[in-house]
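Subject: Structure handover

Hello,

Here is the structure we talked about. Please open it alongside this email; my notes follow below.

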Amino acid sequence: MLSTIEIIKNQTQLEPKMWGSSIVGFGNYHYKYNSGHEGDAPLIGFSPRKDALTLYLSPIFEKKVELLQQLGKHKTGKGCIYLKNLEDINIEVLKEMITSSVNHIKSHYQA
């Protein structure tokens, strides 16, 4: 089975880079909210936490609800998906989610 890094790298064609001390990110984009808050973030990222593997995706992307229903065993946060292990999910669905999330970010922000 492929690792999380290999799956994301193959899907995005981007190299991993550390963002802070615990997030592995791929690519980057600059965001600016109506409030004036702005910054830089990875297009997609993950962090292997104690309780779960945390994936950082766009909070909005095409077919998100449908894809989450097909993903397999997971929990969600606003822009995060929590996985106990990759064996519990449909990897092809995860790949589609990665692509859709990255495409959404690229279409709305400077990437």
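How far does helix α3 reach from its first C-alpha to its last? The span is 26 Å over 18 residues, 91–108. That is close to the 26 Å expected at 1.5 Å a residue. Bear in mind that this is a predicted model.

**Overall**

The protein has 3 helices and 8 strands. Along the sequence they follow the pattern α-β-β-β-β-β-β-α-β-β-α. The radius of gyration is 13 Å, close to the 13 Å from the globule rule for 111 residues, so the protein is as compact as a globular protein of that length. Its C-alpha atoms fill a box of roughly 40 × 30 × 25 Å along the principal axes. Buried residues make up 40% of the 111. Among contacts with a separation of 6 or more, 45% join residues 24 or more positions apart.

Pro48 stands opposite Leu53 of β6.

**Helix α3**

At the start of α3, a side-chain oxygen of Asn90 comes to within 3.0 Å of the backbone nitrogen of Glu92. The buried residues of the helix include Ile91, Leu94, Ile98, Val102 and Ile105. An α-helix has 3.6 residues a turn, so residues three or four places apart point the same way. The buried residues of α3 pack against α1 (4–12), β3 (29–32), β5, β6, α2 (64–71) and β8 (80–83).

Ser101 also belongs to this helix. It counts as buried because its relative accessibility is 0%. Leaving out residues up to four places away in sequence, Ser101 touches Leu57, Ser58 and Phe61.

**Asn28**

Asn28 lies in the loop between β2 (23–26) and β3. With a relative accessible area of 41%, Asn28 is partly exposed. Beyond four places in sequence, Asn28 touches Trp19, Ala41, Pro42, Leu43 and Ala111. Asn28 and Phe46 are 18 residues apart in sequence, and their C-alpha atoms are 13 Å apart in space.

Best wishes

Note on methods. Residues numbered from 1 in each chain as written. Predicted model: local features only at pLDDT ≥ 70, side-chain atom pairs only at ≥ 80, totals over all residues. Heavy atoms only, no water. Pairing = 2+ DSSP bridges. Helix = DSSP H or I, 4+ residues; strand = E, 2+ residues; numbered from the N terminus. Expected span 1.5 Å × (residues − 1). Buried < 20%, exposed > 50% of the residue type's maximum accessible area, 1.4 Å probe, protein only. Contact = heavy atoms within 4.5 Å. Polar contact = N/O pair within 3.5 Å; in protein donor to acceptor, adjacent residues only side chain to side chain. Rg over C-alpha atoms; globule rule 2.2 N^0.38 Å.
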